[in-house]
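Please consider the structure shown below, together with its sequence.

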Amino acid sequence: MDTFVSQTRKRNIDGTTDEQREPVLKKCKEEECNQGIVKEDVKEDAYLTEFSQSWQKIEAEGLDCDYALLFPKEEADCLYTQLEEEVVYLTGDKTKIQVFGKVYNVPRKQASCGDAGLTYTYSGVSLQASPWTPTLEYIRDAVTKATGQTFNFVLINRYKDGHDHMGEHRDDERELDPLCPIASVSLGAVRDFVFRHRESRGKQRRRQINPVKLELAHGSLLLINSPTNTHWYHSLPARKRVLTPRINLTFRRILQHGKK
Ligand SMILES: O=C(O)CCC(=O)C(=O)O
C-alpha cells in the first residue's frame, strides 16, 4: 500500500480504565453477543487486562491527524453488536444527497444522534440529531477521555460491504467548531481511507502532492485535526473484496446558533 505518511511519532493514549468499561462489556457478555459476532469464549481476565496503546501522528502539508486503537478486539466486537441493535438508520428522502444540483442515493446507511435540538446540514440534507443511545454515549465518553475534547453530535455511517462507500469531501461546514477535531471511530471491516490535497485533485490540478492513505482498523480512533479539512478532501473508496460490514462514527462539535 503506497501510504504516504510524512512523519510519525508515538505518545501515550489517555483512555478509559478497564473498570469504567466493565459495565458495557458485562452487558454484552450477558447477552452473549447474541448476533454471534463474538464467537470465542473470552475470559474475564482478558477484559480486565490493561489495554494500552499509543497514538500515531500522521502529518503532511496542512494535514494533521492522530490515530490509535481505542478499543481492544473483544470490546470493539461488543460495541459493534450493540450498535447493530440500537441504531435506527434514516429512510426515505434522507437517504438522498444533492451534489451540484443532482440528486443521488447515499451509497451506505446513515443516522445521526446528539444533544437535543442539534441539526447538521451537508450536501443539501439536514440531519436532526436523535437522542444518544447508551452505546453511543459510552463510545463518546471514551473518546472524550482519550482526547480531552467534548462532542455534541455523531454521524453514523454503516457500510454493508465494500460496495458501500463515501465519496471525496471535506467536513468544512460552518456549523462545525473549527477548534474541535473530528473523531472517527471505526468498528467492523477494515477499510482504506484516503486523503487528497485540494490542489492535486481532478483535471485542474495545480500541484503533485501524494495522497495520504490509511487503513482504519476495528476499534480504531482517527482524529482529524485543524486545518486538515481546509486543505485535504477525504474519502472511503469502494473495495469489492470487502465482504463484511463496517460502522463508522464521526463525533463532532456543532456550534449552537452559529456561536461557540
Ligand atoms: O466511514 C468513514 O470512515 C468516513 C466517514 C466520513 O468521511 C465522514 O463522516 O465525513
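The model is predicted. In it, the ligand is surrounded by Leu155, Asn157, Met166, Asp171, Ser184, Phe193, Leu216, His234, Leu236, Asn248 and Thr250. Of these shell residues, five are nonpolar, five are polar and one is charged. Three strands, β9 (153-159), β15 (232-236) and β16 (246-252), each contribute at least two residues to the shell.

A separate set of positions comes from the UniProt record. Its unreviewed entry annotates Phe100, Gly101, Lys102, Tyr120, Thr121, Tyr122 and Asp172 as "binding site". Thr121 belongs to strand β7 (residues 119-122), and Tyr122 is found in strand β7 as well. Thr121 is exposed because 11 other C-beta atoms lie within 10 Å, and the limit for this class is 12 or fewer. Tyr122, with 15 C-beta neighbours inside 10 Å, counts as partly exposed. Beyond its neighbours within four places in sequence, Thr121 is in contact with Ser126 and Glu173.

Helix α4 (residues 134-147) comprises 14 residues and spans 20 Å from its first C-alpha to its last, close to the 20 Å expected at 1.5 Å a residue. Its buried residues are Thr135, Leu136, Ile139, Arg140, Ala142, Val143, Ala146 and Thr147. They cover an arc of only 160° around the axis and therefore lie on the same side of α4. An α-helix has 3.6 residues a turn, so residues three or four places apart point the same way. The elements covering the buried residues of α4 include α3 (73-86), β6 (109-114), β9, β11 (182-188), β14 (220-224) and β16. Just after α4, Gly148 adopts a positive phi of about 80°.

Definitions and conventions:
Residues numbered from 1 in each chain as written. Predicted model: local features only at pLDDT ≥ 70, side-chain atom pairs only at ≥ 80, totals over all residues. Near = placed C-beta within 6 Å. Helix = DSSP H or I, 4+ residues; strand = E, 2+ residues; numbered from the N terminus. Nonpolar A, V, L, I, M, F, W, Y, C, P; charged D, E, K, R; others polar. UniProt positions renumbered as here; feature names shortened; annotations may be inferred. Buried ≥ 20, exposed ≤ 12 C-beta atoms within 10 Å, placed from the backbone. Contact = placed C-beta atoms within 7 Å. Expected span 1.5 Å × (residues − 1). Arc of directions from axis to C-beta.
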